[in-house]
Amino acid sequence: MSQELTLSELPAIHGAMAEFDTPEELLQAGESAFAAGYRRMDAYAPMPVAGLAEAIGYKRNKVAFCVLIGGICGAMFGFGLLEWMTVIAYPHNVGGRPLNSWPAYIPITFECMILFASLTALVSMLAMNGLPRPYHPVFNIARFDRASIDKFFLCIESSDPKFRVEDTLQFLRDTGAKEVSVVPA
Amino acid sequence: MATQENLKISELPEIPDPGPDEIIGPGHNYATVTERIGGIVYTPWKRWPGKWWIGAAIAFGFVNLLMLAMYVLFFRGIGTWGVNIPIGWGFAIINFVWWIGIGHAGTLISAILFLLRQDWRTSINRFSEAMTLFAVACAGMFPILHLGRPWLAYWLFPYPNSMWLWPQPRSPLEWDVFAVSTYGTVSLVFWYIGLIPDLASIRDSAPHLWQQRIYGILCLGWRGSAIHWHRYQKAYLLLAGLSTPLVLSVHTIVSFDFAISIIPGWHTTIFPPYFVAGAIYSGFAMVLTLIIPLRSWYNMRDLITLRHIDAAAKFMLGTGLIVAYGYAMEAFFAWYSGDKYESFMYWNRITGPYAVTWWLLILCNIALPQSLWSRRVRHNIGLVWVLSLVVNIGMWLERFEIVVTSLHRDFVPSSWGIYIPTKWDWATYTGTLGFFMFLIFLFVRMLPSISIFEVREVVHHLRHPREAYQEKQ
Amino acid sequence: MKHSLIPLESLVEPVKKQATDLQALREKLAAGRGPAFWRTLDEAAESEELREYVEQEFPGLSGQIPQGVDRRSLLKVMAASLAMAGAAACTKQPKELIVPYVRQPENIIPGLPLFYATAMPTAGYARGVLVESHLNRPTKVEGNPDHPASLGSTTIFEQGSVLNLYDPDRAEIVMREGSISNWPTFTGEFSTAAQGIVSRKGEGLAILSGATTSPTLINQMSTLLAQNPGAKWYIHEPSVNPAIRSAAKKIAGKNAFVAYDFSQADVIVSLESDFLNNGPAALAYARQYAKRRAIDNGETPVRLYAIESCPTVSGSIADHRFPVKSSAIPAIAYQLAKACSVAAPDAGTPAPDWLNAVAQDLQNSKGKCVVVPGEFQPESVHLAAWALNSALGNVGKTVRLLDGVEPDNTHTLEELTTDLNNGRIEMLLILGGNPVYTAPASLNFTTAIRKARLVIHLSQFSDETSLWSHWHVPEAHYLETWSDSRAFDGTTTIQQPLIAPLYENKSAHEVLSILLGKPDQSSHDIVKGYWQDQLKGANFEAVWKTSLHDGWIAGIAANSINAGGAVTLPPLQQPAISDLEVVFRPDPTIGDGAWSNNGWLQELPKPQSKMTWDNTVSISPKDAQRLNVTIGDMLKVTVNGRTTVGPAWILPGHVEGSVTVYFGYGRTASGRVGNNIGYNAYAIQDASTPWYAAGSISKTGEHYRLANVQETQTMAGRNPVRATELAEYRKTPNFPTAEEPPLDKATSLYPEWPYEGHKWGMTIDLNVCTGCSACIIACQAENNIAVVGKDQVARGRHMHWIRVDRYYAGNDIDDPEIYNQPVPCMHCEQAPCEVVCPVAATVHSNEGLNEMVYNRCVGTRYCSNNCPYKVRRFNFYLYSDWNTQSLYGARNPDVTVRTRGVMEKCSYCVQRIQEVKIQADKENRPIRDGEIQTACQQVCPTQAITFGDLNLKGSKVAQQQALPRNYGLLDDLNTRPRTKYLGFVRNSNEALSGNTRKS
Amino acid sequence: MPQLFRPSSNTIAKVSIAGVVLLLGSTLAVAYIMDRGPWTTSVRIAPEQPIPFSHKHHVKDDGIDCRYCHTSVENSGYAGLPPTETCMTCHSQIWSNASVTQPIRDSWASGKSIEWTRVHDLPDFVYFNHSIHINKGIGCSACHGQVDEMPLMYRVNTLNMNWCVNCHRNPAQFIRPRSEVFNVDYAYPPNQAELGAKLVKEYHVQSLTDCVTCHR
C-alpha cells in the first residue's frame, strides 16, 4: 500500500522504500542509487546477498579485529590465571611436578581463548549492528514483513543530502521497483 | 497477511523424496520454505500431531525418573551406584563421554562442513546444533552428579575464597571444566546467531500477535539490513573457524581424562584422535537416529533428502573406520610395547569377565557398519536408521570398555574387583536419555528446526548456479 | 544431652602424646597419677556424666554399625556434610559449647592424653598394655614394652577391646529373670541365698569361670572353698586345650607351663602349633622368632618346619609346610621321636619320607632347636614334644619349664554338667563366659543348666547364657575395674581401670566378696587389700604406685623348674582318622565368640581367607574338586549325627580329607553386630574329641555370598612379593631388584623435588611378616576408620588404610607358598593420585607426605583410579557412625572423623608425627630416631614395620632402605614410593629339595 | 504490518541487557561479602553467655594474667577453660551474692558445669595447637585481639584459612619476643620487619603451609 503525498502534508519521514522480487534487481538498484550519488541508504533482504553491502557503499567490517583482540585477551587471562594460582597464590608440590607446569596449562589457555573470542564475535556483531532494536521505522511499511520472507527492499533515507521525496521516489521507480513508498519515521 | 495464502503448503499430504542427488525438493521458492519450516513452529497446539504428545509424554516420564535418581543420589550417597574401589568411575563417566561425543556432530556439521562449503549441511545443521546443546547439557550433569559431595562442585571453579585455595590445573578434570563449559557456551552462541534471521521470519509470518511479539523479542529486531548481513556472515564465519579447533579440542581433553593417567588401557597416545573420531561417529549416528523419523513426521522429505542421509551415512562409515584403526592400534601397542600390564589388559578385555561387551562393541562399531559401503544399504532409510542405533549402542559399549575393564584389573592383583551397575545407575542414564528427547521434542515445536534463510540461499543458488559459486568467495 | 558430649568432643585439638617417651611417662605416673587419685570425687563426677549420656542415648540407638548407612536420616547426612564443608563454603558454623570441669583433677591437662599401664587377660593370661586416655576416656591400647608377654606389641584383640568398652549393646543393668533390677537388690537376695549355702558348708554351690591367673581371684576362691568344702570350682575356656596343662603337669609333676625361647633356636618344628599367633606367650615368641630370622648381616636364619592340617599364621611363613591331617599329628610326633631315637610306642603307619630329613635337621642342631606341640593336639603330642626336646638337649636352653600360674585342682565343664544332671547343684554362679553357647553340643548344657535352682550369670553382654540365668549381672570391662592377672612367666600386673564403669558393671571380685560375706567391698579395696597382705613390710604405697605405673610388680615371677623328669609316652589313643576329619578351631578374628559383637574384628579380614563377617568351612582344593564345591557353596557338616551348615572356603594348603570349622559364629544373643551371622561350630563339637573328629560333609545345593577383600589369590605373573632361597640370596643379595631394577632418578621429565628437612619413609620386612593383621586393626583404632558392614565389603568398599595381601605361589595348589604383604599408602614422591585431583585435596608436604585433606575433597575418585597400589578408600556412604554416641568415646580426638563422599587413606599417622614434632620443637631438640611410631609399626609383633626419617643419618629406616633386599612396589612406574619392602628369604632344607618350593 | 513494539522498547531492550549483567555481578558480589562478613565469620559479635564475663574487668582492671585461667596454654594444644573452682577462688569472697555470679555458685553447688558458648571456634577438621604458637612468640593478642578492651568476648579475626595462611606464610610480621607473648596490649614496633626476621631465626620458626600442619 503506497499513498500519494504532497510536500505540504508530509510528516517526518525516515526515507523512501522500494520493493523488489529478486536479489539481482535489488543489487542493481543499490548500485545505481550509489552511482546516482545517494549515500545514506540501506538494503533489506531475507538472506545474505553477495556484494549488496558493498554496492551501497559499505566499506570496513571490524568484527574480525574485535575477535582477534578477544582471543588474545582470553589466552592471556587463561594462562595468567593458572600461573598465578599455582606459582604465586598457593604453591603446592603436586606429585613432584614443578610449580610452573606450563605444558599442563595449555588446554585451559586454549579454551579461554576460544571462549573469549566467540563471545566477542557475538557481542561485537550485535553491538555494531545496533541490535537489539525491536522498533525501527522501516517496520512501518506494511509489506516490510516480507523482507524476512521473500521480498527485497531498498530504503534511501531522508537524512541523505540528495534526498528529495518526489525525486527519490521517482528515482526508485525508475530502478524498476515493484512498489515504492515513503517510510514514515 | 502474506502468510495466510501459503498455509496450505504445510498441509500437503505426502511430499516425495527428490532422491540422492537433490538437497531440496522441486517447486520451492523463498516463501514456501519459510512456510514449510516456520509453519511447524506456529501451528496452534490443537493441530500438533498425536505422535508428538505421546513421545513428549514418555520422554517427560523419564525426566521424572532422572529427578528421582538425583534425589536418591544426593540424600543417600554415591554408594547407591555400582562404583567401588578399584572401579571408582562407572556409568557416570561412561555416559558423560558418550553424551559429549554425541554432542560433537552438531558443531562439526555447522562449522567444519560450513568451512568446507558442503551445501548439504544446510538442512541439518540447525537441528544437529540443537542436538549438540542438549547432549552437552546431559553430559554436563554427570561430572557433577558423580562427585562424592556434589554440593561442593563450585570448588572446581577458580573464585576468590576464604581458604585461599584454588583448583589444581594439572588435573584433566579441571581441563574438562573449562572445555565443557566453553563448548557449551560457544555452541549456544553459534546456534543462537544462526537462529536470529529465522526468528525474524517467524516474527513476520506468525499468525498471532503474541507469537510475533515473542519471536520479535528473540530475534532482537533483526530486519535483514545488507550491512547487518555482512557483519553477521563475518561473525558466523569466525565462529565456525573458532568452533572447529574447539570441537576437536574438547574430546581430546575428554580423552586426556584417561590418557593422562597411568592405568593400563588408559595411558595411551592414540586416545585423542580416536576419541574425536569416535565422537563424530556417534554424533552422526545420533543425527541420523533423530532426523529420519523427524523428516517423515513433519513432511520434510523434500528438505532433508536422501542426499543428506547418504552423506551422513558415508561420514559414519569414514569415522567408523578411524575408530577401527584406533582399536587396532590399541591391540598393536599391547603387543608391541611388551608391557606386561598393557598386554594383560588387552587380553583381559578380550577374554576377561567383560569379554561379551568387547565382542559386542566390535560387532556394533566395526562389523555391522561396514555394510554402509553398499549404496543400496545407504539408500535403505530403515536400514540406515537401525545401523545408526547400532552405532549409538556400540559407542556406549566402547566407553564402558575403556572405563570399566581398564580399572577393574590394574596393577596389584590383590585389589582387582568387579563392577555391577545398580538400578540407580540405569535410572540416571535412561533419565538423561529422556531429558534429551524431551528437549528435542520441545525444540522442533518451538524453533525452526531447519535454517530457513540458508535454505533460501539454496533455492537461490539452484536458480543461479553461476552466482552460487561467486557468492561463496 | 548433646552438650554433655562436648567435653569429650570440644577438646578435640592437638594433644601431646608420649607413647614412645616412656621415661617421661614413668615420671608422670610415678608423680602420683596412680589409682589412688583415680576414684576421687572429680573422676566420679566425670564418669557420672559419661554414664548419664550413654544411658540416655542407649535406648534409641539408630546407627547400626553394619547397616547403619541405610538408616541415616536426611538431616544427619546434610548436617554432617555441611559440617565438613565448614567455613569453606558460605555456611555459618553451628553454635558449640565448652563445658569446663567444676573441679579439675590436677593430673589432667585438657588436650594432653595420659597413658596408664594395665593388662588385658586373654584366656586368663595377662598381656601388659599401655592405654591412652583422653580426659578419662580410653581411646587406644598399646603394648607395654616392659611387659614380657607384650614387649610393646599387642594382638588384634587388645586393639579391638576398646570398641567393646563403648559397645552400645553391652549389658547395663542387673536383670532378674528378664526384668530390670539393680545391684543392691541383687546383693541382698544373693547374700540371703548364699547364707543357706554357707550354712551347708557350700554343699550345692558351683562356681564356673573362665581360665584365670588373677591372684586376687584365686585367693578369694580358695578362701571361699576353704570356708565351704562342699563348693566346687569349675573352669571352662572354650578355645583352650586342657591337654597343654595336663601334659605340663605330667612332665613337671606339678602345675607347670612349658615355655620356649626361640631366640636361641636354629631349627623349629611345629606340630600344628600357631605359636607365633596363639597362646599366652605368642607375642614374645613372635619377637624372638623375628630376631632369629635376621639375615642382613650374614646370619643364618632359623628354619621353621610347620606340620599342620589347616594353614596357620605361623605356617604361612614356614620354610617348609607339610599338610598333614590334624589327627595324624600324634603319629607323626611319635615317628619323629623314633627318628630322633627317642623311645616311643609304635605309631602304626609308616613315616612320611620327609620326616627323616626333618629329624636329621633336628639332630644336627642339638640344643639349638625346638619342637613345638600344637595348641589343640592331645597330651601325647605334648609329651612327645617334651621327650624330643629333652632328648635333643633343648631343655634349659630353648625350652624351659615354669611354675604354672593357673589355679590347680579345678573341675571341668564336663564334671559340672554331670553334677548338674545329678541334681547335686543348687546354686550355679557363672563368672564370665557364655557356656550355654560355648559348651560342646554333646554335653547338652542347656538341659543341664536348668537343673540348678539358682543361676547367676556375670558377663559383659546379656548373652545366650544370660537367657538361662535367673540373675544377670553386667560384668565390668577390664578398662573399667580393678583386678590383677599374670603372664605366662608369672609376671604379675595390677589391672587398674581407666574409667569408672559406664553402667552398673561389677567385677567377679565384687560378686565373690558377696559370697565371702563382704557385699560392700569394691574391686579396688579387694585387690589392694589382697596385695597389702602379699607385699607386707616394704613401703607398700610406694611399691603399689611403681607397680601400677610400670604395669608389673617387681620381683614376682614364676620360678623355672629344672626337674622335668623323663616322660614315658603313652600308646596312641586313636589312630589318624581315615575318612573325613573335621577340625575345630577358634575363629582367627572372633575367637571363641566372645568378640562377635565387635565390628572392627568382624570386618578384619581373616589372615588366610581374607574373608570377613562370616565363618567358613575350610576345605582343601582336592576335596573341593572331588565334591565339585566352589567357594560359597553351603556345606552340611556332620559329626556324630550332629550337623551344621556353613559356606565352603577353598583354602590352598589345607590338607586333603579334612575340613576346618571355626567357633564364634552362629550366635543369637550377641548384639546388633554379631547376631545371626555364620554357623555355630559348637553345635557339632563333641566333648570327648573336641579339636578334631571323624565326620562327613555334603553339599546342600545353596550358595552363600561371602564378603572377602581379596578376589585374586595369585600374583598373576607380576611379583609384588619378591622372594628367594637363602642360597640364592647369598649369591645375589639384591635379588628383588636384580631382575627388575628400579628406574634411575634421571628417568623423569621433572627436576628433582628437594627434601631438606625431614623425609619420612617406611620399610616393611616381608621376611618376618606373619600376616597376623594386628596392623590393620591398630590402624583402624588409631585413625577412626569406619566399619562398613558385610554388604559394603562384598561390594569392594572396605575402608582399611593398611591391608595385608596374601598371595599363593609355587606350582602346587595343594601345598602352595604363602606370602603376606602389608600394603599401606606408598607416599610416592611422584604420586599419580595428586596430579589428577582437580581441587588440590591431595598434595605433597615438604616432608614427602602424601597429604589427604578430607575437608577439601569433593570426591571425584580420580585419585583412587590413578593409584596403582589401590590404597585409597572412599566414603561411598556416611560410614562413620555419627549417631551412636557411646561410640564417640572410642574415637581418637586427633584424627578427623570422615564424612560421606570424601576419599581417605594412610597418612603415616601424621597426627603422631605432628605431636612429636611440636614436642621436640618446644624442647628445642631434634627428633630422635624411632621417637615417632606409626600405629601399625607399634603393634607389630615381629616389628616388620619400620618408620622414620630418611634424611636422618643412621636412622633404622634409612639403613633398611640401603639394604640390597630393599625394593619398591611397582618401582618400574617411577612413582618413587617412600614405603619400601624387604624381600622374603626362605631357608629351605636342601635335603628336602623335593619339597622345596621354587620361588 | 503495524509496529510490534513502541520506539521506547529499543532503550528498554538495551537497558535490560545491561540490567541482567549487573544483576549477575551484584549477586556474586553479595555472596562474596556474605562469605567474608560477620554473618559467616561472626567477627565482632559477642555471643550470649551464661555469665556476662568481662575480660576487660578481669584483665585490665584486676590485672589477672591469661594463664591464671587458661592454665594449659603453654604446654597443651588446648588453652584450657577455667573450672568453676577457679572462679570460686575469688567469687566465694567477692560478688559472692551478686546475681550475675549466681551460675558460678550453682555450678559449684550442683557439680554441673557452666556451659559457655565457644567464641573462637575452629571447624572440627582443623587442629590448632596453642602451646607451639606461644612457644614461638605468637602473642595471645595476635589472634584474640585486645581482650582487655572487651567487656564481652568476641572474635576480632575471621579465623578463616586465608587469615591463618597469611601468618604461616610470613610469621615475621606477627612474631614478638617470648617475654611479650602474654602482653595483651603489645604494640608491634616500627622495626617489626627486622625484629621479626631476627626472632624467626632465633626461635627457629618455620613457615609451615603444608595441609597436614592443620588438617589430619
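Student: Which residues are linked with Glu19(A) in a network of salt bridges?

Tutor: In this predicted model, the network joins Glu19(A) with Asp21(A), Arg143(A), Arg146(A), Asp150(A), Lys151(A) and Lys178(A).

Student: Why can side chains pair up like that at all?

Tutor: Side chains that carry opposite charges can pair when their charged atoms come close.

Student: What is the N to O distance between Glu19(A) and Arg143(A)?

Tutor: The distance is 2.8 Å, and the two side chains meet in a salt bridge. Glu19(A) belongs to strand β1 (residues 13–20) of chain A, while Arg143(A) sits in the loop between α4 (102–128) and β3 (152–157) of that chain, so the pair ties together parts that lie 124 residues apart in sequence.

Student: Is Glu19(A) buried or exposed?

Tutor: Glu19(A) is buried, because its relative accessible area is 2% and the cut-off for buried is under 20%.

Student: And what does Arg143(A) count as?

Tutor: Arg143(A) has a relative accessibility of 24%, so it counts as partly exposed.

Student: Moving on, which residue does Arg121(B) form a salt bridge with?

Tutor: The partner of Arg121(B) is Glu454(B), and their closest N and O atoms are 2.9 Å apart. This pair links distant parts of the chain, 333 residues apart: Arg121(B) is in the loop between α4 (104–115) and α5 (122–145) of chain B, and Glu454(B) is in helix α16 (residues 452–463) of chain B.

Student: Are Arg121(B) and Glu454(B) buried or exposed?

Tutor: Both Arg121(B) and Glu454(B) are buried.

Student: What about chain C: which residue meets Arg303(C) in a salt bridge?

Tutor: Arg303(C) meets Asp361(C), with 2.7 Å from N to O. The two are 58 residues apart and link distant parts of the chain, with Arg303(C) in strand β11 (residues 303–308) and Asp361(C) in helix α13 (residues 353–364) of chain C. Arg303(C) counts as buried at 12% relative accessibility, and Asp361(C), with a relative accessible area of 9%, is buried as well.

Student: How many salt bridges are there over all chains?

Tutor: The count over all chains comes to 68 salt bridges.

Student: New topic: what volume does the largest cavity have?

Tutor: Its volume is about 240 Å³. The largest cavity is lined by 16 residues, and the closest to its centre are Trp600(C), Ile785(C), Ala786(C), Val787(C) and Arg891(C).

Student: How do the residues of that lining divide into nonpolar, polar and charged?

Tutor: The lining of the largest cavity has 10 nonpolar, 4 polar and 2 charged residues.

Technical notes: Residues are numbered from 1 along each chain as its sequence is written. Chains are lettered from A and ligands numbered from 1 in the order in which they are written. This is a predicted model: local features need pLDDT of at least 70, side-chain atom pairs count only at pLDDT 80 or more; totals for chains, interfaces and linings use all residues. Side-chain values use heavy atoms; hydrogens and water are left out. On a 1 Å grid over the protein atoms alone, a cavity is a set of points where a 1.4 Å probe fits but cannot get out, and a pocket is an open set with protein on both sides within 12 Å along at least five of seven lines; lining residues have an atom within 4 Å of a point. Grid points are joined across faces, edges and corners, and a volume is the space filled by probe spheres set on the points. Ala, Val, Leu, Ile, Met, Phe, Trp, Tyr, Cys and Pro count as nonpolar, Asp, Glu, Lys and Arg as charged, and the others, Gly among them, as polar. A salt bridge is a side-chain nitrogen of Lys or Arg within 4 Å of a carboxyl oxygen of Asp or Glu. Helices (H or I, at least four residues) and strands (E, at least two) are DSSP runs, numbered from the N terminus. Buried means under 20% relative accessible area, exposed over 50%, partly exposed in between (1.4 Å probe, protein chains only).
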